[in-house]
Amino acid sequence: MTSRAPFAAALLAAMAAAVPTASLAACEARSGPTTAALVELYTSEGCSSCPPADRALRRIREVAGATATVVPLALHVDYWDGIGWKDPFSKPAFGTRQSRLVHLNQHAVVYTPHFFVGGMELGGSGMLGDEVRRQNVRPARADIQIKADLTPSGTLVVDVEATTHGSVEPAALYLAVTESGLESKVTRGENAGSTLAHDHVVREWIGPIRLAAGALRTRREVAIPATWSSTRLNVVGFVEDETTGGVLQAISAGNCAKS
């Protein structure tokens, strides 16, 4: 319905509800030679047409195929919050990013549900599998190495190194901490009476962090609230061409859990 107007984790690894969780004390991961498909879904619990898109994101690995490399993100926008139901996972930054991607794709309409793959707007969830596979055959235009550790005090410490290939300038790194296995009972708005399930929900968003001369090394610390499930958390990192919005490379804790 139209609206108005990373690396790795030392936690985690329920990348989908059907995937067993794993908890790691510390881990390290490095991106590969081909491009992982970053799938961004802009969604809201206040939007009646969003639950099917949420389900499509949860099934993304099944749709894309067992050999696909996909990094899913569910970004809950806040511009639905004043229309009957406040989404508990919404953040203003997500609507701002969505508007920027729409502009870079030379379009004008911001709506939910709205998919982007590799920074490029997608017409609908029916094309997700094909676009993920197209992204996966492209040589990566950046390398990302990440180390993550969850301290006894509940702080996630993430060290990242990123470099771009060639002369991609300006480029920026983004990091996200996501949580899966979330559930909400909606009592008002378009989804009143529904119990909604969510995976890959972005809980913490860091960036853009600009690369200098095509390189970056940074450390970030995230305090993990006690209300978050440490066994269902994941860390995602990606490097973006700031001029076009194209994603040069992405990585998730799923890589780390397999190492």
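# Exercises on a predicted protein model

The buried residues of helix H4 pack against strand E2 (37-43), helix H1 (50-58), helix H2 (60-64), strand E3 (70-76), strand E4 (114-117) and strand E5 (120-122). Helices (H or I, at least four residues) and strands (E, at least two) are DSSP runs numbered from the N terminus.

The model is predicted, so local features need pLDDT of at least 70 and side-chain atom pairs count only at pLDDT 80 or more, while totals for chains, interfaces and linings use all residues. Residues are numbered from 1 along each chain as its sequence is written, and side-chain values use heavy atoms, with hydrogens and water left out.

**Exercise 1.** Determine which residues of helix H4 are buried and where they lie around the helix.

*Solution.* Step one: buried means under 20% relative accessible area, exposed over 50%, and partly exposed in between (1.4 Å probe, protein chains only). Step two: within H4 (residues 128-136), the buried residues are Leu 128, Gly 129, Glu 131, Val 132, Gln 135 and Asn 136. Step three: viewed down the axis of H4, these buried residues fall within an arc of 165°, so they line one face of the helix. The arc is taken from the directions from the helix axis to the C-beta atoms. Step four: an α-helix has 3.6 residues a turn, so residues three or four places apart point the same way.

**Exercise 2.** Describe the surroundings of Glu 240.

*Solution.* Step one: Glu 240 belongs to strand E13 (residues 233-241). Step two: its relative accessible area is 0%, so Glu 240 is buried. Step three: the side chain of Glu 240 makes a polar contact with the side chain of Arg 100 at 2.8 Å. A polar contact is a pair of N or O atoms within 3.5 Å; within protein, one must be able to donate a hydrogen and the other to accept it, and residues adjacent in sequence count only if both atoms are side-chain atoms. Step four: beyond four places in sequence, the residues in contact (heavy atoms within 4.5 Å) with Glu 240 include Arg 97, Leu 101, Pro 170 and Tyr 174.

**Exercise 3.** Identify the peptide bond from Glu 169 to Pro 170 as cis or trans, and locate Pro 170.

*Solution.* Step one: the bond is cis, with omega near 0°. Step two: Pro 170 lies in the loop between strand E7 (155-164) and strand E8 (171-179).
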